[in-house]
Amino acid sequence: MQDKTSDQAQMLFNRLQKRFRHLKKWAQRTGTGAFRLYDRDIPEIPLVLDFYGECEKTQDAAICGSLYKRPYEKDEADESVWLCAMKESVSSALGIKLENVFLKQRQKQRGLLQYEKMGKAQFVKIVYENGLSFKTNLSDYLDTGLFIDRRLLRAMVRDASNNKKVLNLFSYTGSFSVYAAAGGAASTDSVDLSNTYLNWAKENFSLNGFSANLNKTSRQDAKTQSCNSDSYRNQHVLIKADVLEFIKSAIAGKKRWDVIIVDPPAFSNSKSMTDNFDLNRDLTNLLSQCLKLLVPNGKIFASVNVKRAALQAQELEEKLRSFDKINVRVTDLKSKIEDEDFRGRKTSKASPVAFLVEII
């Protein structure tokens, strides 16, 4: 057992050094401060490892990773010894402090468990991406606050946002909204049910020189408030709300946006929601409702976080057309948002799935 673990640790060491040499120049050239370094490249080592920091200063960098559930049972004590050996291998291969290597166990999550706090270590790191800065927490949550596989999709949103009104649903820590603001958005409305993530989004806005206000309504509803209020004057609003209820209210109020980002969890059954949400079941209906909030020639960027290998753009397009009898075009963005650290990966599960939905 010990010899096998040692052999695997050496295999991981070699693979990480090779991958880091391959990605280092790209990351430095593009200003990418968080990227996928390893994704179950070696079947016996089912880890996913992401690099956070500057490539030329690995002593200050960090690794955040996950151990995916094995297809067989492994003794808990043996797994702990194995994980320690892999952490030491990661640290040694990249010159990163051992205490800056965070490995978590990732299993199928239900509800909002993937967003719940797991610890209080507060290992926070500011990372850079396409000229922007984002706060990440590598220690306390299953996810860090920045989904790195959506990097190029965020850039597409920035390019589409100049002078546009942007709505970000299931906004999480607001990275899409920050990109929209950086692209010259006339306004952004970011909707999420978590105070933690709305406040985190506010910090991300601030890191990039923008001001965002917490509110219970969108900027379009702010006319009912005093015109001298900060929330009315501010063009970036963070809204605490059940997304499904927010959509219903916005449709009833005939609100419209030019760009809508839809990046829902695979499943949500928060106590604060009036109904649960299942992406496999509800995606078509969700997008159909969002189309009612879209101006003519507007765009919906839909990010799909669940493994839906059978879902194709044409299938989604046909479903949306039959839903509301409107002419829509759905474009598969998968090939356009695979960045260098995800390109050519052995496992297709590493690649994000996203669609552009437009009324034609």
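Author: **Rings and charges**

Lysine 135 lies over the face of tryptophan 200, 5.1 Å from the ring centre. A charge counts as over a ring if NZ of Lys or CZ of Arg is within 6 Å of the ring centre and within 35 degrees of the ring normal. Arginine 40 does likewise, with its charged end over the ring of tyrosine 68, 4.1 Å from the centre.

Bear in mind that this is a predicted model, where local features need pLDDT of at least 70, side-chain atom pairs count only at pLDDT 80 or more, and totals for chains, interfaces and linings use all residues. Residues are numbered from 1 along each chain as its sequence is written, and side-chain values use heavy atoms, leaving out hydrogens and water.

Back to Trp200: it belongs to one aromatic cluster with Tyr141, Phe147, Tyr172 and Tyr197.

Across the whole structure, a search turns up 11 aromatic pairs (Phe, Tyr or Trp rings, using Trp's six-membered ring, with centres within 6.5 Å; planes under 30 degrees apart are stacked, over 60 edge-to-face, the rest tilted). Phenylalanine 20 and phenylalanine 51 have ring centres 5.4 Å apart and planes at 50°, so that pair is tilted. It links distant parts of the chain, with phenylalanine 20 in helix α1 (residues 2-30) and phenylalanine 51 in strand β2 (residues 47-52), 31 residues apart. Helices (H or I, at least four residues) and strands (E, at least two) are DSSP runs, numbered from the N terminus. Phenylalanine 20 and phenylalanine 51 are both buried (under 20% relative accessible area, 1.4 Å probe, protein chains only).

Conventions
Buried < 20%, exposed > 50% of the residue type's maximum accessible area, 1.4 Å probe, protein only.
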